[in-house]
Amino acid sequence: MPVVNIEVSETPLVLYALRRADDALILGHRLSEWCGHAPMLEEDMALSNIALDLIGQARELYTYAAKAEGKDNDEDKLAYLRDVRQYRNLLLLEQPNGDFAQTLVRQFFYSAFADLYWRAMMTSRDTTLAAIAAKSEKESAYHLRHSSEWIIRLGDGTDESHARAQAAIDHLWAFTGEMFAVDDGERALIHADIAVDPGTLRGRWLTTLSEVIGEAMLKLPQNDWMQQGGRVGRHSEHLGHLLSELQSIQRTFPGQTW
Amino acid sequence: MYTQALNTAETDDRGLEDAAKAAQFQTRIDAEERIEPNDWMPAAYRKTLTRQISQHAHSEIVGMLPEGNWITRAPSLRRKAALLAKVQDECGHGLYLYAAAETLGTSREELVDAMLAGKAKYSSIFNYPTLTWADIGTIGWLVDGAAIMNQIPLCRCSYGPYARAMIRVCKEESFHQRQGYEIMLTLCRGSDEQKAMAQDALNRWWWPVLMMFGPPDATSQHSDTSTKWKIKRFSNDELRQKFVDATVPQAQYLGLTIPDPGMIQDADGHWRYSEIDWTEFKQVLAGNGPCNRDRMAARRKAHDEGAWVREAAASYAAKRAQRRTAQAAE
């Protein structure tokens, strides 16, 4: 039996939930790659914990996307049976772990955004999304604290850690613009008070970044060029490899219960 | 669990110590009193326990690798979350046990260095590869099942911090075991392909799991002191038999065949298993198991590549302390 990708009717609400679910799953996957290989046992625990939070968020958001779509899909079909071009996550989150600095800078950029974003989403008129936001906000506040503390330790640690943290910031900066972009479908949800406009959060996000990065004695890049494409399925080459691993059992043994 | 290599207790050097203190110590042990970190204890007791607890900790940490091998490939999001949480638990056990070992006076860094240098052992079972998803079910069912069998008596170990650690660890292991069995049950109720996958995993893990309990009593010469000190409460063969007796009905319920055609149930209801290949066990302990080199390489790589992070954290902490002192002086 050939394994075909599922089809998803991406109404604005379905697409909205899928994008956030994919964000959570892909970043959770990346963090889970550290499990057993982190620089210290405490970080094996911490990174796994964050990954677990994110996988939990992904499951709720996929389930909601499936419900909003109202067809035969479920959390596992959405996670395991869509290909690269159907994935809607931010490019930032699929970037490889690199060294510990790259992982933590990626986490910091995202958590500083997610914390603001989910807090704002708690007032969504969509009660399911508001509930998911309330839970996610509590988690992302911890994720932000964890990554901020590490940015400061690395920036103000040794010459080597400083250089690595700065290199990670410079490398990942171009992937941050996408967090604040909105398309027409999402604009309609924003007008209906179902979603919030991420663009309005950018100022506060920059303030968080400046405070932490300043204390860490690091610098934000001046470069304003931003990569885009994740939200519409134009990804980096990295995502295909991630998905081939994530989906391998479902693709090898189609249609079975695990 | 994972305490098999402990059967190499120290030679008894209590003769060099205060005989009266030693006698008093033994009286406390015999009265089932708990020994606490600040209590007097024979040097050999300290050394034996340090080795046993640290080997146990190393096993938890190395044990993260074979199961971690499937986190990114778990077949559903529910399974993924459960496996990740489980491997995280193992890490927590490792940390908890290193802390218990530290109460005996050796630092975590020294203990870890000994493991990375190949001087300290970890359980032989983790030197086998996880090849399919069924291996994750089998490890939960059998490896954690064997661990529980080993660890339940350790909850009454004479050394307080170890005994208390084991109570918590056992609770989590028991959850892991049920989770593993549930994976097996799902596979065995699934397609022919899935059932074959489950049987294949059982075939590969059965004998290595029996070896987890350590060498047979007849050849194990070092348990006497550990028994006398109430670190060890049951012999290797006793625990192995208990495990086999508990496991056979579970395999039958799954509809799986234990890969031991010679196994029979005796008049007392015990399942008598065939001769274990102790040559394989010795080879694995000597570093020649299928994954010994990979496991050590992975732990060393994580340690080496993480060195700059640990240095950064230490350097930052030192700078911060310095700034505080300077501020206080102003």
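A salt bridge here is a side-chain nitrogen of Lys or Arg within 4 Å of a carboxyl oxygen of Asp or Glu. The model shown is predicted, so local features need pLDDT of at least 70 and side-chain atom pairs count only at pLDDT 80 or more, while totals for chains, interfaces and linings use all residues. Residues are numbered from 1 along each chain as its sequence is written, chains are lettered from A and ligands numbered from 1 in the order in which they are written, and side-chain values use heavy atoms, with hydrogens and water left out.

**View 1. A salt bridge joins B:Arg108 to A:Glu42.** The side chains of these two residues meet with N and O 2.8 Å apart. Side chains of opposite charge can pair when their charged atoms come close.

**View 2. Chain B meets chain A.** Here 45 residues of chain B are in contact (heavy atoms within 4.5 Å) with 49 residues of chain A. The two chains bury about 4000 Å² between them, 67% of it on carbon and sulfur atoms; buried area is the accessible area (1.4 Å probe) that two parts lose on being put together, summed over both. There are also 18 residue pairs in polar contact between the chains, both residues at pLDDT 80 or more. A polar contact is a pair of N or O atoms within 3.5 Å; within protein, one must be able to donate a hydrogen and the other to accept it, and residues adjacent in sequence count only if both atoms are side-chain atoms. Helix 4 of chain B gives the most to the side of chain B that touches chain A, with 13 residues. Helices (H or I, at least four residues) are DSSP runs, numbered from the N terminus. By class, that side of chain B has 25 nonpolar, nine polar and 11 charged residues. Ala, Val, Leu, Ile, Met, Phe, Trp, Tyr, Cys and Pro count as nonpolar, Asp, Glu, Lys and Arg as charged, and the others, Gly among them, as polar.

**View 3. Helix 7 of chain B meets helix 10 of chain B.** Their axes come within 9 Å and cross at roughly 30°, so the two helices are roughly parallel to each other. Axes are lines fitted to C-alpha atoms, for helices over the stretch in contact, and angles run from 0 to 180 degrees between N-to-C directions. Angles under 35 degrees count as roughly parallel, over 145 as roughly antiparallel, 65 to 115 as roughly perpendicular and the rest as oblique. Look for B:Tyr181 and B:Met184 among the residues from helix 7 of chain B, and B:Tyr253 among those from helix 10 of chain B.

**View 4. Helix 1 of chain A crosses helix 8 of chain A.** The axes come within 9 Å and cross at roughly 100°, which makes these helices roughly perpendicular. The residues in contact include A:Tyr16 and A:Arg20 of helix 1 of chain A and A:Leu189 of helix 8 of chain A. A:Arg20 also forms a salt bridge with A:Glu186, the closest N and O atoms being 3.0 Å apart. This pair links distant parts of the chain, 166 residues apart.
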